[in-house]
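Me: Let us go through this structure step by step. I will ask, you reply.

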Amino acid sequence: MEGQRLKYNFPENFWWGAATSGPQSEGRFNKKHRNVFDYWYDIEPSEFFDEVGPNIASNFYNSYKSDLKMMKSIGFNSFRTSIQWTRLIKDFETLEVDYDGVNFYNSVIDECIKNEMTPVMNLHHFDLPIELYEKYSGWESKYVVELFAKFARKAFELFGDRVKYWTTFNEPIVIVQGQYIGEFHYPKIVDGKKAMQVAFNLNLASARAIEEFRKVEHNKDGKIGIILNLTPAYPRSNSKEDLLAADYANKFHNELFLDPAVLGKFPDGIEETLKNDGVLWEATSEELNIIKSNKVDFLGVNYYQPIRVKARESEFDYSNGWFPDKYFEAYEMPGRRMNPHRGWEIYPEAIYDIAINIKDNYGNIPWYISENGMGVQNEERFLNAEGVIEDDYRIDFITEHLQFLHKGIEEGSSCFGYHLWTPIDCWSWINAYRNRYGFISLDLKTQKKTIKKSGYWFKEVTENNGF
Ligand code: GAL
């Protein structure tokens, strides 16, 4: 393609790569503690698709060297994974480390650098140690916030000499929704008031980790951010009521974490609303100050799907107490494009809207797409004679999203990269291995990993820095 004019050219040094997480790729090998998902699988394996749990996952603990080489071979210049609290730390209170965990993460980081891929390390990907839930009620407790800040500090001290991009949390709103509203993360509590306290505590935990980051000398040339799944809320119509519903949905789904992380404060009006409803979190002025003074350096945006809402048509049902959707209702827009495998709408235009929103309302903070992707079931259907999965639908999906991202960048949004979810098919919580997302397929029985058509295509995109 050399010499050929590219239509979509991306900025210099643009990040091309993909993301996974410790609990979804490593397997539980040599781990001394269990996180909430490890524990849940041990007590209720039938809750997981095909009863497949996180025990082996994609075997990254054992195969990281060849896995990282494979990623490099399809053009990655950057890669995100996470450090598991339950692997790194032996004693959560004294911070005694587990040397096997330290060696493992050291080696993963060194291997990334050897392969010329910038490592991006996240500190929490839904993997709260179960002991901290049992002893202290997990994220409901400010003591756990402090333990997290200590763990983060330890990770910065151990690895910050080589890791220059850190993120505190992946999709903290999903912890709130999964653990305290929608029952898809253990301990499956249904309690809107607790959910709001947890939302506050997670914001505080992120800010506390950032505060610790800035105290460690060798992090001075490093940057720290947060990964948020942004789901722009679009109203059914332009009626006053629908617009208000969308505004509430944006506040609860997006701005609840975006505003504190980037602007250092909660979205306008949310504290009043929660106070009037009797569900406002407990927060001291000192804690609010910590949030105010410890904003992120950059933002990772996971984008999969938008949400569509309308003003409530039915009376809100209080039988389980208060929930944010008191203020809006899901709207099934006729004719919306769906990914039938995942039940998610496909709407690439939203990436442009996100780009412009960040530019106009969030000081044009540097940001990247930290996850985007398409989960598809039974991809073996698309195997060709050479044993390669021909996932043209994924190529189309990425292309369309990159086109809208490009438009946002052309208009001045400071996006510096694109990561797919995920490099190698990995374990997806209760969906386990139902939907596959990777550039590289995984045969669960043999652990054989094979580059898909999209992987070869991506390599070309990265070599041309566009398409
Ligand atoms: C994201 C999450 C990932 C992965 C992905 C695909 O929301 O960050 O951990 O599970 O969804 O299901």
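**Loops, barrel and ligand**

Me: Which loop holds Pro187?
Reply: Helices (H or I, at least four residues) and strands (E, at least two) are DSSP runs, numbered from the N terminus. By that numbering, Pro187 sits in the loop between α8 (172-180) and α9.

Me: What is the basis of the model and its numbering?
Reply: This is a predicted model, where local features need pLDDT of at least 70, side-chain atom pairs count only at pLDDT 80 or more, and totals for chains, interfaces and linings use all residues. Residues are numbered from 1 along each chain as its sequence is written, and side-chain values use heavy atoms, with hydrogens and water left out.

Me: What is omega for the bond between Tyr186 and Pro187?
Reply: Tyr186 and Pro187 are joined by a cis peptide bond. Its omega is about 10°.

Me: Where does Thr422 lie, and what is omega for its bond from Trp421?
Reply: Thr422 is in the loop between β14 (415-421) and β15 (435-436). The peptide bond from Trp421 to Thr422 is cis. Omega is near 25°.

Me: How many strands form the closed barrel?
Reply: Two strands pair if DSSP finds at least two bridges between them. The order is β1-β2-β3-β4-β5-β7-β12-β14, with parallel pairing. From one strand to the next, the twist averages 25°. The strand count is 8.

Me: Which residue is the bridge partner of Thr167 in β5?
Reply: Strand β4 (residues 165-170) pairs with β5 (residues 223-229) in the parallel sense, over 4 bridges. The partner of Thr167 is Gly225.

Me: What angle does α9 make with β4?
Reply: Helix α9 (residues 192-213) packs on the sheet and touches β4 and β5 (contact means heavy atoms within 4.5 Å). Axes are lines fitted to C-alpha atoms, for helices over the stretch in contact, and angles run from 0 to 180 degrees between N-to-C directions. The angle with β4 is about 160°.

Me: How far is the side chain of Gln24 from the ligand?
Reply: Gln24 is among the residues around the ligand (a heavy atom within 4 Å), as are Ser428 and Tyr437. From an oxygen atom of the ligand to an N or O atom in the side chain of Gln24, the distance is 2.9 Å.

Me: How much of the ligand does the protein bury?
Reply: Accessible areas come from the Shrake-Rupley method with a 1.4 Å probe; for residues, only the protein chains shown count as cover. Alone, the ligand exposes 300 Å². The protein buries 92% of that.

Methods:
Polar contact = N/O pair within 3.5 Å; in protein donor to acceptor, adjacent residues only side chain to side chain.
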